[in-house]
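Please keep the sequence and the three-dimensional view at hand while reading.

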Amino acid sequence: MWESVALTLAGAAGNSIGKVLQKKGTQILPPLSFKLKVIRGYALNRLWISGFLLDMCGAALMLTALSQAPVSVVQPIAGCGLAILCVFSHFYLKEVMNGLDWIAITLAGLGTIGVGVGGEEQKVEEIPLFNIPWLVLSVVILFVLLNTWLHIYKRQRREQELTGPEVIEEVIYGLESGILFGISSVISKMGFVMSEMGFPKIVVPAAISCSVACSAVGFVYQTRGLKHGRAIVVSTCTSVASIVSGVVAGMVALDEHLPTAPTSRFFLLLGWFFIITGVILLVTSTRLIARLPKPVQKFLKSNMERSHSIRRPGSARGKDPIQSTTIHASSLHILTSPGKEKA
């Protein structure tokens, strides 16, 4: 189990750091296209190539972890990629972090330990095929309800000529993308399980292809939310929905279950709670601190942040609290697009 935890953390770190390096490398590159000159520019950019290779290695490690451990263990720990990215950004990109960020990272770390202690290897004897159609039907119905709600909400906004943050739209797009990301992990795991049960080996690449397609659709929903909404709301809903949907779908489609021992079950549930709480705090830390009393703000802000603010009054955190969160949100999933940067 601890080997799978380590693989998941390494994979999440590779995905997160790889995206930061790719984003940093593209600052001096033109938009990616199929032109030979552009492709050559990307291929010769060491920073972008390093990030791309790290991202691919991270994806391979995540698939390896999914082949060895339950989705209910891998998916929550994968959410700690946000915490890993924050630490990397702090030491490599010199990004300022406040006290609440460090508390969130600590919670995510404790949650990872809790999942590692409470999680147990589960041998799937047979896939409950009868549950899969019900799971698919439930997801379809949920998406129909969410999109119907979104359509009604948009129509009301147009009729009433409302302005300001489109909270419902942000939440719906975040939930939809997170659900698809969580289902994507379950599909990958299902391919490995079916292969072990004697199904043709083609099921593994087929499942991985379906998983990539599912993640791509989820990315489209996430980009829509980030384009017109606030990264804080969209990223939080995406992260939490991804963890919850992955765990629930794993239990329904793969017959995964909570540990039988009370102590193990307690540590696993506590680990899930800490990870989800840590992710939410990381995404919303700047906004939360801004709403706290002044003495508490001074206590939570580090000496580095205060000195940084004195030297650079127009710093990113002081000027636009969402900007830092947008960078963090870009690490959550497979791709990065200009749509996210506009968020």
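In this predicted model, C210 has a relative accessibility of 46% and therefore counts as partly exposed. C237, by contrast, is buried because its relative accessibility of 15% falls under the 20% cut-off. A search of the whole structure finds zero disulfides. The points below take up the cysteines, the aromatic pairs and the record annotation in turn.

**Cysteines**

- The search of the whole structure returns zero disulfides, and C210 is accordingly in none.
- The nearest cysteine sulfur to that of C210 belongs to C214, 8.7 Å away; a disulfide would require the two sulfur atoms to lie within 2.5 Å.

**Aromatic pairs: W48 and F52**

- The structure holds six aromatic pairs.
- In one of these pairs, the ring centres of W48 and F52 are 5.4 Å apart and the planes meet at 10°, so the pair is stacked; the cut-off for stacking is an angle under 30 degrees.
- W48 and F52 both belong to helix α3, which spans residues 46-68. Because they are four residues apart in this helix, about one helical turn separates them.
- W48 is buried, at a relative accessible area of 14%, whereas F52 is partly exposed, at 33% relative accessibility.

**Aromatic pairs: F143 and Y221**

- The rings of F143 and Y221 have centres 5.9 Å apart and planes at 65°, so this pair is edge-to-face; that class requires an angle over 60 degrees.
- F143 is located in helix α7 (residues 131-160) and Y221 in helix α9 (residues 203-228), so the pair ties together parts that are 78 residues apart in sequence.
- Both F143 and Y221 are buried.
- Together with Y173, the residues F143 and Y221 make up one aromatic cluster.

**Annotated transmembrane regions**

- An unreviewed UniProt entry lists "transmembrane region" for residues 47-67, 73-93, 100-119, 131-150, 171-190, 202-221, 233-254 and 266-290.
- Among the spans in that record is 171-190; in the model, the chain over these residues is 100% helix and 0% strand, with the end C-alpha atoms 29 Å apart.
- The record also includes 266-290, and this span is likewise 100% helix and 0% strand in the model, with 34 Å between its end C-alpha atoms.

Note on methods:
Residues numbered from 1 in each chain as written. Predicted model: local features only at pLDDT ≥ 70, side-chain atom pairs only at ≥ 80, totals over all residues. Heavy atoms only, no water. Buried < 20%, exposed > 50% of the residue type's maximum accessible area, 1.4 Å probe, protein only. Phe/Tyr/Trp six-rings, centres within 6.5 Å; stacked < 30°, edge-to-face > 60°. Helix = DSSP H or I, 4+ residues; strand = E, 2+ residues; numbered from the N terminus. UniProt positions renumbered as here; feature names shortened; annotations may be inferred.
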